[in-house]
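Please look over the model shown below before reading the briefing that follows it.

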Amino acid sequence: MTVLTKPQRRLKRRRRVRAKVSGTAERPRISVFRSNRGLCAQLIDDQAGRTVVAVNWFEPELRTLAVAERSVRAGKLLAERAKQAGVTVAVFDRGGYPYHGHVRAFAEAMRESGITI
């Protein structure tokens with residue numbers, strides 16, 4: 001029996017979720033990457049293999065915020081960019097991370113901004 005490290009367990013969860021979740025042009029996938037310093041997310045059309053819109057924690061308007069507030073503001077910012085691109089419905093891919101803390105705050109901010117997840 002092998003012992004899996006924490007990153008290996010996350011990748012295993014991520015692959016399991018990605019086997020079931022796929023984005024289309026009408027309903028792109030919201031892919032989240034979380035680090036200790038911030039959160040990055042993008043809307044992906046998996047059929048065309050392209051990123052529709054993205055947001056990164058190191059953008060000038062997000063970089064100066066506290067880490068907790070940064071996740072909420074990133075969710076609102078990505079929702080605004082998604083609406084400009086004509087997206088109102090999306091599929092949420094948490095990337096193998098637990099749905100709490102920054103990931104949950106990000107998803108709830110997207111919902112509050114009018115994106116149906």
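In which sense do β1 and strand β4 pair, and over how many bridges? β1 and β4 (residues 91-93) pair in the parallel sense, over 3 bridges, where two strands count as paired if DSSP finds at least two bridges between them. This is a predicted model, in which local features need pLDDT of at least 70 and side-chain atom pairs count only at pLDDT 80 or more, whereas totals for chains, interfaces and linings use all residues. Residues are numbered from 1 along each chain as its sequence is written, and side-chain values use heavy atoms, with hydrogens and water left out.

**Strands**
- Helices (H or I, at least four residues) and strands (E, at least two) are DSSP runs numbered from the N terminus.
- Strand β1 (residues 29-34) runs antiparallel to strand β2 (residues 39-45), to which 6 bridges join it, and a hairpin of 4 residues leads from β1 to β2.
- Within these pairings, V32 has A41 in β2 as its bridge partner, while R29 has V91 in β4 as its bridge partner.

**Helix packing**
- The axes of helix α3 (residues 67-84) and helix α4 (residues 102-112) come within 7 Å and cross at roughly 35 degrees, the axes being lines fitted to C-alpha atoms over the stretch in contact and the angles running from 0 to 180 degrees between N-to-C directions.
- The contact (heavy atoms within 4.5 Å) includes S71, G75 and L78 of α3 and H102, A105 and F106 of α4.
- The residues of this contact divide into 10 nonpolar, 3 polar and 1 charged; Ala, Val, Leu, Ile, Met, Phe, Trp, Tyr, Cys and Pro count as nonpolar, Asp, Glu, Lys and Arg as charged, and the others, Gly among them, as polar.

**Nonpolar core**
- The largest nonpolar core has 22 residues, and those with the most contacts inside it are I30, V32, L78 and F106; such a core is a set of buried Ala, Val, Leu, Ile, Met, Phe, Trp, Tyr and Cys residues joined through side-chain atoms within 4.5 Å.
- Two or more residues of this core come from each of β1, β2, β3 (50-55), α3 and α4, and α3 gives the largest share, 5 residues.

**F106 and S71**
- Not counting residues up to four places away in sequence, F106 touches I30, V32, L39, A41, S71, A74, G75, L78 and F92.
- S71, found in helix α3, is buried, with a relative accessible area of 3%, where buried means under 20% with a 1.4 Å probe and protein chains only.
- With the sequence neighbours up to four places away again left out, S71 touches L39, H102 and F106.

Notes: Buried means under 20% relative accessible area, exposed over 50%, partly exposed in between (1.4 Å probe, protein chains only).
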